[in-house]
Amino acid sequence: MREVDLAVVGAGPAGLTAAIEGAKRGCSTVVLDMNPHPGGQLIKQIHKFFGSREHRAGTRGIEIADTLFHEAESTGVEVMVRAEVYAIHDSTLEVAQTFGEDSPILPSKEATTSHSRSLSIVARRIVLAMGGAENALNFPGWTLPGVMGAGAAQTMINLWRVLPGERILMVGAGNVGLIVSYQLMQAGGEVVAVIEATPRIGGYGVHAAKISRAGVPILTSHTIVGASGESRVERAVIAKVDPSWRIVPGSEEELEVDTICIAVGLRPNARLASLAGCKLHYSPSLGGWVPIHNSRMETTVPRIYIAGDLSGVEEASTALEEGRLAGICAAASLSKERAGDPEEIKAIEQRLLSLRSGPFCQRRQDAKQELIGIAETQCPK
Amino acid sequence: MRVIHHPILGDLPEVRQVKIWVDGKEIAARKGEPIAAAIAANGTKIHRYTTRREEPRGVFCGIGQCTDCVMVVNGVPNVRTCITPVTEGMTVETQHGAGRGGR
């Protein structure tokens, strides 16, 4: 058993910034992540980010992951990889850890005799930052090998350098669908089409323009009718949909593809939070079931905080800010002053507000406010 | 298919090769990569067949969440191949149903 001031679950942008802020304020801090590399989904984002300089615009995700990991190490955070948290009860996290010699971080001494161990960590404060999970889409043939999440394909090409298929249909023209389509092309794949059920492309114009320039059709008001093949995807049938989402008869078209990528949004990966007893609220604008949390990112379970996509699916930039906020508030609650630095918290809140402005993001701001309102009656004072 | 050249990531760096056995056939894998990447690079898409309808399944989420890609690894069924790294001499088998001993 180990005791720490702060345990963070998830080494993505939210988890790492939370840990950095905690460690800076004198907390003994450990970050646990089930993956072999720290950085969360940043390590497969090979495109440059948008936004303002303080959110590392113009930098590629993989570089941000590197910077954050080194900052965490230099502030004294211990990052444990291949460490899966499978239960939380009271202040104890139950962890199963395996060791691979390929892991970028050397395992600690006690582990050299074995390839795996289980351990319990008792933490005075916990920040959960497990991120999001891709939504699935059900259609005839959706379980065939060759149908996969767009994120799965992105992991395969950018992290493991294996192209999962040669002729690809992308379902969904949000930022994930557009970016992964382009990255599949960079990896040598042929994207046959990007289809989008709504009448409008959901992602940024720049991403759409890049793949249009490369000659890939983006078909709005189109859905997938089915996939078929002998034990694997060999073809897909797509069709037009009318304004009431019905398939337009006779508009079906068959495409010869070996891979179908699904990019229809993400949802908060709330399973561990739910297991830990955090109350959830259904919030469509934030991606589904979200742990209820107050403006200090604290959940309905005292001493458990959340940040990033787990607290509502947004962007890496908001995850960085929420992580900071959760880390500062968790650390402050352990100190005498308790409030944290009000100026600093205010500045973060201002930046979050500006990230959530604009016609599309305002919905998220409203949803967050709603959650905070619910939290006032349900979270510990 | 391996992505050898890449406009952003550069050429695929050389790493030590690891030999693994997939359904009795020896294939070359890259040290540190997950089983799913090694077998995808060799063109394998089917990881297992479901219990009742014997339907094929492959990689779906790629990050250890969905368990669609499980196979029998070194005799142990239900191993998530997308997050389990290859090791020298490892045996990997297509899984049928819940795997040996688990039916």
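1. Start with the interface. Chain A puts 28 residues in contact with 29 residues of chain B (contact: C-beta atoms, placed from the backbone, within 7 Å). Strand S7 (132-134), strand S8 (147-149) and helix H3 (150-159) of chain A each give two or more residues to this side (helices, H or I, at least four residues, and strands, E, at least two, are DSSP runs numbered from the N terminus). H3(A) supplies the largest share, 6 residues.

2. This is a predicted model: local features need pLDDT of at least 70, side-chain atom pairs count only at pLDDT 80 or more, and totals for chains, interfaces and linings use all residues. Residues are numbered from 1 along each chain as its sequence is written, while chains are lettered from A and ligands numbered from 1 in the order in which they are written.

3. Check the confidence. Chain A has a mean pLDDT of 91, and 93% of its residues reach 70 or more (pLDDT is the predictor's confidence in each residue, from 0 to 100). Over residues 102-114 of chain A, pLDDT stays under 50. The model has 14 contacts beyond four places in sequence for that stretch.

4. Now look at two helices. The axes of H7 (residues 316-334) and H8 (residues 342-355) of chain A come within 10 Å and cross at roughly 155° (axes are lines fitted to C-alpha atoms, for helices over the stretch in contact; angles run from 0 to 180 degrees between N-to-C directions). H7(A) is therefore roughly antiparallel to H8(A) (angles over 145 degrees).

5. Who touches whom? Among the contact residues are A:Leu325 and A:Ile328 of H7(A), and A:Ile348 and A:Leu352 of H8(A).

Note on methods
Two residues are in contact if their C-beta atoms, placed from the backbone, lie within 7 Å. Angles under 35 degrees count as roughly parallel, over 145 as roughly antiparallel, 65 to 115 as roughly perpendicular and the rest as oblique.
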